[in-house]
Amino acid sequence: MLVYLILAILLFVFYVKWQHTYWKRHGVYQFDTDFLFGDTKNEMLGKSSIFQAVRDKYNQLKAQNLKYGGVYMLLKPVFVPVDLDLIKRIVVKDFSYFQGHIDNVHPKDNLSMNLFGLYGDPWKKLRIKLTPAFTSGKMKLMFDTLVEKTKGLEELVRSHIKNNQPLDIKEVIARFTTDIIVSCAFGLESNSLEVAETEFRKYGRKVFDLKAWRMVLLNSVPRSLLTLCYHLGFTAFPRDVSQFFNKTVQDTIRYREDTKLYRKDFMQLLLEMKNKENGAINKITDEEIISQCFVFFIAGYETSATTTTFVLLELSQNQDIQEKLRAEIREVLEKHEGAITYDAIMEMTYLEMVINETLRKYPPVPMIPRFCTKDYHVPGTDVTIKKGTQVHIPVWGLQTDPEYFPNPEKFNPENFSAENKSKIPEMVFIPFGEGPRMCIGLRFGKLQSKVALVSLLRNFNFTLSEKTHTPIEFEKVSFILSVEGDVWLNATEI
Ligand code: HEM
């Protein structure tokens, strides 16, 4: 018995060591690995952020003048491109070889079958159906809802000022974007700005309160093992989260159909697609509506909230930039009789620069996953990226590379002045991705942040509270880049 056990252990050790030579065997540079953990020991143990690991690897590859390299998430080989031309090939020119984000969707878990998770034909068909819901015309249609929510946002800030308390701005903004996304995607009122602990806040937080084991399972185990897990009842998100979103959307569909209620929101657009005649190219099913509402929620509220939080954090520490932005906001609003309108927001060029600089320094999606759907020969090399291989586009590394931004840690909106922006090489600034899979919610995401900032900065001045832990650290286990812990700011009415 003991002999078999020793043999099994030896075999396992041999397999792990052999698997960690995958990139070497395929002619791709790799780093020294830790047994079992590969390149992500600290990340898997929850000691450091996986995003930081990919950024570090980008820097190390770049320092050696390499165009790409290979890393391991546990035993899973991940290809990391550094060269801008190669990145452009992967996400744009040779997109047909890299159609997926990540290979972890499964029909047994309907929430996973969303636009972000699907690939190949099902993704293409769905993307065509959903694109019309995100045009600038549709954004204008929903704009009033965004502005309506600023009243609650301002009231919440005022209540803190009245009580002489600093604000946890991360939480305040998350409540604002939750109210917006719930109203626009689900056609419901979540009232998160008025009531601190609503169902949507509770489950929204739960989606992002990712446990390390779930992250490992979704990102690091082979597809065959993951499929087995789905058959054994595993779901990408906690079961109660899945039940909540399924029931909420189903109830909403039924209510809207029974009452024939019309609202200017994504749900209305989805219901109109559902009611297309059979065989219509953009007809959509109830199941598809549920998974898409879910992805709009998770992709839409936290990304914008984290962006707005980082803007306010930086402005609190850079009063000159805050003043300059406030001056622009006031000047433009004055021309529009004090009203926050879509056109007024579009006129605010400095606001756009501040948001871009924030997305550069703190990209909410610091590495974009791409998954090889067909063997790909890397041009000019003997290397083939095999079908099924995970690729990580190192967004954060690119956007903080001193070659492209000479003083990358300095918060400098001038990086995005008309003159400087035109000098940024293609594929360097890609917070929303690029190519056919580029973020579908780009306009909506930016709009949410802009409306929040205009409403806040025209009324209040923000400074950093001593309660905020500085220098800030980033969440270790998370889908997106966000500050670890609370972000406390002092607000004063002006
Ligand atoms: C600041 C805000 C946001 C950022 C930084 C962001 C970033 C991203 C990135 C990097 C991707 C992957 C792109 C690629 O693979 O090339 C993505 C995809 C996606 N985003 Fe966003 N996003 C934001 C807001 C939103 C909003 C508001 C929504 C919806 C209401 C949304 C919905 C989606 C969806 C559905 C996808 C998958 C698209 C596809 O695979 O076809 N995002 N986003």
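The structure is a predicted model, in which local features need pLDDT of at least 70 and side-chain atom pairs count only at pLDDT 80 or more, while totals for chains, interfaces and linings use all residues. Residues are numbered from 1 along each chain as its sequence is written, and side-chain values use heavy atoms, with hydrogens and water left out.

Select the ligand and the 27 residues around it; His101, Trp123, Arg127, Arg370 and Cys439 come nearest.

Next, show polar contacts (pairs of N or O atoms within 3.5 Å). A side-chain N or O atom of His101 is 2.5 Å from an oxygen atom of the ligand. For Arg437, a side-chain N or O atom is 2.9 Å from a ligand oxygen. At Leu115 the atom is a backbone N or O, 3.4 Å from an oxygen atom of the ligand.

Now colour by helices and strands (DSSP runs: H or I of at least four residues, E of at least two, numbered from the N terminus). Two or more residues of the shell come from each of helix H6 (120–130), helix H14 (286–317), strand S4 (368–371) and helix H20 (442–457). H14 gives the largest share, 6 residues.

Move to helix H8 (residues 169–186) and helix H9 (residues 199–208). Their axes (lines fitted to C-alpha atoms over the stretch in contact, with angles from 0 to 180 degrees between N-to-C directions) come within 10 Å and cross at roughly 105°. H8 is therefore roughly perpendicular to H9 (65 to 115 degrees).

Finally, select the residues in contact (heavy atoms within 4.5 Å). Glu171, Ala174, Arg175, Thr178, Val182 and Phe186 of H8 meet Phe200, Arg201 and Arg205 of H9.

How values were computed. Angles under 35 degrees count as roughly parallel, over 145 as roughly antiparallel, 65 to 115 as roughly perpendicular and the rest as oblique. A residue is near a molecule or strand if one of its heavy atoms lies within 4 Å of it. A polar contact is a pair of N or O atoms within 3.5 Å; within protein, one must be able to donate a hydrogen and the other to accept it, and residues adjacent in sequence count only if both atoms are side-chain atoms.
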